[in-house]
Amino acid sequence: ARLSGVYVPARIRHTLLGVHPPEISVENPTVYSGEGQEAMLVCIVHGESQPEVLWHKDTMQIDQTERHVIENRGARHTLIIRKVHPQDFGNYSCIADNQLGKTRKTVTLTGKPKTAVFRSVPNSQWKDKYNISWIVDSHSPIEEFKLYYRQVDGDTLQAHDGIFLDNRKLHHSYAGDNMLDYNRKINSYDSYSYNNGYHNLHHKWSKTDWRDIVLPAFPYSHHYTQGMSYLIRGLEPDQQYEARVQSRNRYGWSDFSESFLFTTSNTDTEIRDLSVTHYSSSRASVIFASEIRCLLGALALVAVCRLVSF
């Protein structure tokens, strides 16, 4: 084509006229599912001319089959995977192509757990321990949790960093292949069994070093929403702590949770004792077994007092 007698390539001419390659956005960059479940991957495609949209898994194009259903409704392009198989997990590409170029966006289909959400109150009832609890959504039963915590101060929070683990497999004994430290240097920690969990120790702890505890999730729960409650001991009075948690099912470890801050008390305001509590629910509300036991104990104590008063 020519513009005022000068040849202009089609791509440049379309750009001058305000026509651009297709634009893609994904509804959810990570889609969580489980074996036998249905997964829905969605991308939104915009373009002046009608682009051709294809789905790929890795380098293989996905065609319409009984298990793979491709739907297009306006700008919304959906890949539905029915009765998910383990080999379906991985990275998928939504590719839009027109005469001006090709655009690609990636969607990950995973069977790993979602990120955990803490549900405990931020203020402890005790000066040297704290009962922390969280829930996590997972299509497969959770096999274990990793709880990380450290004491924080103003400098620690300002220089906040992540937690780093190596890529080696965990031993079934829960021996210490967990690697982390505050200064982004990877140090090894030995393990020992502690209060039904596995608590990693280092010979020279500083107050702001990360501690980590591996908590086996047993018995397995087949509810979609699963959780844990754990009593952290040996804390300092009237101090603020930061915690994070990961969850593992048969497909691997979840991402780290958001940081959760909690504070110990000046004095103990409760005399009850708690240990590891497993709980699960298919609803958002979760009732802790330890709290129920405490309530029943309190009611029994009140009844005994009344009998003695007579």
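Colleague: What is a salt bridge here, and which residue meets Lys57 in one?
Modeller: A salt bridge is a side-chain nitrogen of Lys or Arg within 4 Å of a carboxyl oxygen of Asp or Glu. In this predicted model, a nitrogen and an oxygen of two side chains lie 3.6 Å apart, one side chain being that of Lys57. The partner of Lys57 is Asp58.

Colleague: How many salt bridges does the structure hold?
Modeller: Side chains of opposite charge can pair when their charged atoms come close. The pair Lys57 and Asp58 is a salt bridge, and Arg248 and Glu143 also form one, at 2.8 Å from N to O. The number in the structure is seven.

Colleague: How many residues apart are Arg248 and Glu143?
Modeller: The side chains of Arg248 and Glu143 meet in a salt bridge. Arg248 is in strand β19 (residues 240-249), while Glu143 is in the loop between β13 (130-137) and β14 (144-152). This pair links distant parts of the chain, and its separation is 105 residues.

Colleague: Which residues do salt bridges join into one network with Arg248?
Modeller: Glu242 and Arg150 meet in a salt bridge of 3.0 Å, N to O. Glu242 lies in strand β19 and Arg150 in strand β14, 92 residues apart. Where salt bridges share partners, Arg248 is in one network with Glu143 and Glu144.

Colleague: Is Arg248 buried, partly exposed or exposed?
Modeller: Buried means under 20% relative accessible area and exposed means over 50%. The value for Arg248 is 22%, so Arg248 is partly exposed.

Colleague: Which residue is joined to Cys43 by a disulfide?
Modeller: A search of the whole structure finds one disulfide, with an S to S distance of 2.0 Å. Cys43 is in strand β5 (residues 39-46), and its partner is in strand β10 (residues 90-98), 51 residues away.

Colleague: Is the disulfide right-handed or left-handed?
Modeller: The torsion about the S-S bond of Cys43 and Cys94 is about 45 degrees. The disulfide is therefore right-handed.

Colleague: Which residue of β11 is the bridge partner of Val31?
Modeller: An open sheet of five strands runs in the order β4-β11-β10-β6-β7, with mixed pairing. Its edge strands are β4 (30-32) and β7 (60-61). β4 pairs with β11 (residues 101-110) in the parallel sense, over three bridges. The partner of Val31 is Leu109.

Colleague: Which side chain is in polar contact with that of Thr225?
Modeller: Thr225 lies in strand β18 (residues 225-232) and counts as buried at 8% relative accessibility. The contact spans 2.8 Å, and the partner is Asp137.

Notes:
Residues numbered from 1 in each chain as written. Predicted model: local features only at pLDDT ≥ 70, side-chain atom pairs only at ≥ 80, totals over all residues. Heavy atoms only, no water. Disulfide = S-S within 2.5 Å. Helix = DSSP H or I, 4+ residues; strand = E, 2+ residues; numbered from the N terminus. Buried < 20%, exposed > 50% of the residue type's maximum accessible area, 1.4 Å probe, protein only. Polar contact = N/O pair within 3.5 Å; in protein donor to acceptor, adjacent residues only side chain to side chain. Pairing = 2+ DSSP bridges.
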